[in-house]
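Reader: I would like to go through some of the labels used for this structure and hear the grounds for each. Please show it before we start.

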Amino acid sequence: MKKILLLAMLFSTMFACQDDTSLSYCPALQPCIVNEDNKVILLNESSPDYENYNVGECSVGLVECVADDFIICVDYYFASDEICDGLDNNCDGTIDEGYDKDGDSYTTCNGDCNDYDNLIHPNAPEICDGLDNDCDGVLPNNEIDNDLDTYTECEGDCDDTKPEINPGALEICDGLDNDCDGLIDEEEELAEICGPDTALGVCEYGTEVCLDGEESVCVGAIYPQNEICDGFDNDCNGDKDDGLFRPCATICGGGLETCYDGGWYDCTAPIPSEEICDGGLDNDCDGLIDEGCLCNEGDITGCAESPMYDPQTNEIIDPPCGMGIKICDITGTYGPCYFFNTMPEECNNWDDNCDGVIDGMTDYCTSDPDHAGVGECVSGLKECTAGQWSECEGQIFPEDEICDGLDNDCDGDIDEDLEPHEKVDLLFVIDISGSMQSYINALAAALSAYVSDFEQTEHKFGLVVFPNSFFQHVGAEFDVRSGTLGNALINVNAFQNLINSLYANAGGLEPSYDVAKILMTSNDAGNIGWRDDAYPYVIIITDEHPQSWSNYDVYDVAQNSLNCHISSCESGDAYEFYIISKAMYEPMWTPALLSSDNYKYLPYSNSGFASYIEILRDIFKNACL
């Protein structure tokens, strides 16, 4: 900049010398300046202006002769506008005035990095304010908030790597000095209120206590409890003994009593009182109602008794008849019976309609009202004599439906639901062990009567008895008594002749499981000779529990019974298989989960003829063709 000023001065001086600047001598090296008109002005060092022209960056020049008549002023520097450069550019004795904004004697041009804060300049001491006070471009590490918890190390953050640790943090029970006060887990700061939501009643707040710097526990707290009858507010809801009831009782019954202030009161159970004739209440709770009272005053009851009085004349009616009334008086007893009206005649040994005749009526009767008057079923008649009905006579009850064009079972249908198999082979398998001897005659008679229903039909019958031997061995399980092996099915007359000579003389164990299984094999292992166009029936009759010589069980029997592959059976058909025995053995014959109309256990109520034939006719009846 001085060089530029020098050239400018030189140009101006030369220009001035040309403009009437001529001397007859050369005042070389004499102080000089250039005025506003660009003329060289000589100065005297003793002149007061000399010092004024040597302030700041300003200085006087020295005269230099260029020619005898031409001089210039060399190295003259004049004042310029002040700029921020650490110099007194305007030569007013002050350096960079107007550029020190914060008055700390430093400007941005001499290193002040924040000229709006007098605590920040190159010579300022570093303080804990998070700022670069000495303008060295480096913020001290202790002023950096490394964990971003708004506290630095110089502000007292004793661990600037953990945001939960700083002077403003709350002390917690963790074995650390959370608030940087030099103390760890101090109790006075951890002593927070804890415990229940309220301090009503027996409830009390507690204080949190730190244990081993790991967990805090609430000490001294009392929490709400179930309300009990003790005069205290146990559940801490502001009410003592509220909502507490318990059963109570007197001899008259039960009730509830309520807790007040620690005691039980106001039992609602009824209290016994003296018995009165009030028409139905047990006042003294002794289990008796109106004991000692025949009636209550004003009660009215009907009467049909002698003597009976005429209410108009108060005379005795003879003979008495109809319905009378009598009224209970103040003593709790009924007065005399006064005639009231005639009534329809009933069977009560009394002339209800006053016609001079007692009873003598007849009426229809039935012990089977669901069927009387339907089909062949009719009601009977009964007669009343001396207040008693006779037996019901002449009733006809439902019977098994037979093929006769009549509604025998009285269900409104004629000849319905008769056995669907038009042609059957009925094989009777009978236990002839000694225990059957008391049953065999009744059974034989029932079988003979039963097969007689099938005269003139194509149905056939077979007889198998078991066991075949007194000695238990495989192959002697049964004996085919009818016909011949492979042709064991016979007609009604032949079967009746055979069955009437049946007697029980076998012994040992009765292998009923074995017999049932063998007789229902797909290859006719029993040599029965089932007909191809008839449906097979197997009917076992015994009085013993089922047994086996070959370790068979009820599931072996069931498996064979459900797979009929002989005679007229089609794929998926089952044998018609029935067991007639005592009721106690049913669970041993009925396999679990088996549901089949073809597999039935038929217990008998007794071992008589009627019981057997009733069961047999339930198994199969001749189809109505």
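**Labels and their grounds**

Author: The model is a predicted one. Ser-59 lies in the loop between helix H2 (48-52) and strand S3 (61-67).

Reader: What makes Ser-59 count as buried or exposed?

Author: The relative accessible area of Ser-59 is 19%. Buried means under 20%, so Ser-59 is called buried.

Reader: Which residues does Ser-59 touch, leaving aside those up to four places away in sequence?

Author: They are Tyr-53, Asn-54, Asp-75, Tyr-76 and Tyr-77.

Reader: Which residues are buried in helix H7 (residues 554-561)?

Author: Val-554, Val-557, Ala-558, Asn-560 and Ser-561 are buried there. Viewed down the axis of H7, these buried residues fall within an arc of 165°, so they line one face of the helix.

Reader: What covers the buried residues of H7?

Author: The cover includes helix H6 (512-519), strand S23 (576-581), helix H8 (586-589) and strand S24 (599-603).

Reader: Why are strand S5 (residues 193-194) and strand S6 (residues 206-211) said to pair?

Author: Two bridges join S5 to S6, and pairing needs at least two, so the strands pair. They run antiparallel. Cys-194 has Gly-206 in S6 as its bridge partner.

Reader: How many bridges link S6 and strand S7 (residues 215-219)?

Author: Five bridges link them, in the antiparallel sense. Val-209 stands opposite Val-217 in S7.

Note on methods. Residues numbered from 1 in each chain as written. Predicted model: local features only at pLDDT ≥ 70, side-chain atom pairs only at ≥ 80, totals over all residues. Heavy atoms only, no water. Helix = DSSP H or I, 4+ residues; strand = E, 2+ residues; numbered from the N terminus. Buried < 20%, exposed > 50% of the residue type's maximum accessible area, 1.4 Å probe, protein only. Contact = heavy atoms within 4.5 Å. Arc of directions from axis to C-beta.
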